[in-house]
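I wanted a page of notes on how this chain is put together. Here is what I looked up, entry by entry.

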Amino acid sequence: MTKTTLGTHPFLLGFEQLERLVERTAKSGNEGYPPYNIEQTSDRSYRITLAVAGFSEDDLSITVEDRQLVVRGRLRDDLSERVFLHRGIAGRQFQRSFVLADGVEVRSASMEHGLLHIDLSRPELENVIQRIEINKG
């Protein structure tokens, strides 16, 4: 018996990358730092909020790489002069990735009260019916 994978099923033409996408999503950071929320703000928009206490805008970078939103944080080394008696606020570097569906675009990013907000949207798609003529040969 032949095993049919998701990307090779005859009814799923053009979805070969879907299986790799699912694997990449499963591998992308199951660690809990930094904590985040994902909320749906309308039918076609979303907001990702990351708790980045202690990080400034200059310590963070946001990129889109191969349909993947990547947020990186790295504190500058100016903390070496400070002496902590207790350090409970995590300040380690991080990388958090989110796989974006086709058509989802990053609209903006903002910081407020130690929270990084990233707004995403999916443009309205037109319902197009395409008629294909049969060549007479």
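**Ground rules.** I call it a salt bridge when a side-chain nitrogen of Lys or Arg lies within 4 Å of a carboxyl oxygen of Asp or Glu. I am working from a predicted model, in which local features need pLDDT of at least 70 and side-chain atom pairs count only at pLDDT 80 or more, while totals for chains, interfaces and linings use all residues. Residues are numbered from 1 along each chain as its sequence is written, and side-chain values use heavy atoms, with hydrogens and water left out.

**Entry 1: elements.** I began with the secondary structure, taking helices (H or I, at least four residues) and strands (E, at least two) as DSSP runs numbered from the N terminus. Read from the N terminus, the order is α-β-β-β-β-β-β-β.

**Entry 2: the four-stranded sheet.** For pairing I went by DSSP, which has to find at least two bridges between two strands. Which strands make up the four-stranded sheet, and in what order? I noted S1-S2-S7-S6, an open sheet with antiparallel pairing. Strand S1 (36-42) and strand S6 (105-112) are its edges, each pairing on one side only. Neighbouring strands here are turned by 20° against each other on average, direction ignored. For such angles, axes are lines fitted to C-alpha atoms (for helices over the stretch in contact), and the angles run from 0 to 180 degrees between N-to-C directions.

I then went through the pairs across this sheet.

- S1 and strand S2 (residues 45-51) run antiparallel and are joined by six bridges; they form a hairpin with two residues between them.
- Tyr 36 has Leu 50 in S2 as its bridge partner.
- S2 pairs with S7 over seven bridges, again in the antiparallel sense.
- S6 pairs with strand S7 (residues 115-121) over seven bridges, also antiparallel, and Ala 109 stands opposite Ile 118 in S7.

A reminder to myself for looking at side chains: in a regular strand they alternate between the two faces of the sheet.

**Entry 3: the three-stranded sheet.** The order here is S3-S4-S5, an open sheet with antiparallel pairing. Its edge strands are strand S3 (60-64) and strand S5 (94-99), each pairing on one side only. The twist averages 15° from one strand to the next. Strand S4 (residues 68-73) and S5 run antiparallel with six bridges between them, and I found Gln 68 partnered with Val 99 in S5.

**Entry 4: charged pairs.** How many salt bridges does the rule give? I got six. The general idea is that side chains of opposite charge can pair when their charged atoms come close. To describe the surroundings I used relative accessible area: buried is under 20%, exposed is over 50%, and partly exposed is in between (1.4 Å probe, protein chains only).

Asp 119 and Arg 47 meet through their side chains in a salt bridge at 2.7 Å, N to O. This pair links distant parts of the chain, with Asp 119 in strand S7 and Arg 47 in strand S2, 72 residues apart. The two are also bridge partners in the sheet, Asp 119 being the S7 partner of Arg 47. Is Asp 119 buried or exposed? Asp 119 counts as buried because its relative accessibility is 19%, and Arg 47 counts as partly exposed at 23%.

Glu 65 and Arg 72 form another salt bridge, at 3.1 Å, N to O. Glu 65 is partly exposed at 34%, and Arg 72 is partly exposed at 28%.

Arg 107 and Glu 105 form one too, at 3.0 Å, N to O. Arg 107 is exposed at 52%, whereas Glu 105 is partly exposed at 33%.

Entry 5: Glu 133 is exposed, with a relative accessible area of 58%. Its side chain makes a polar contact with the side chain of Arg 131 at 3.5 Å. A polar contact is a pair of N or O atoms within 3.5 Å; within protein, one must be able to donate a hydrogen and the other to accept it, and residues adjacent in sequence count only if both atoms are side-chain atoms.

**Entry 6: whole-chain totals.** Buried residues make up 23% of the 137 residues. Taking a contact as heavy atoms within 4.5 Å, I noted that 52% of contacts between residues at least 6 apart in sequence join residues at least 24 apart. The protein exposes about 10900 Å², with carbon and sulfur atoms supplying 51% of it. That area comes from the Shrake-Rupley method with a 1.4 Å probe; for residues, only the protein chains shown count as cover.
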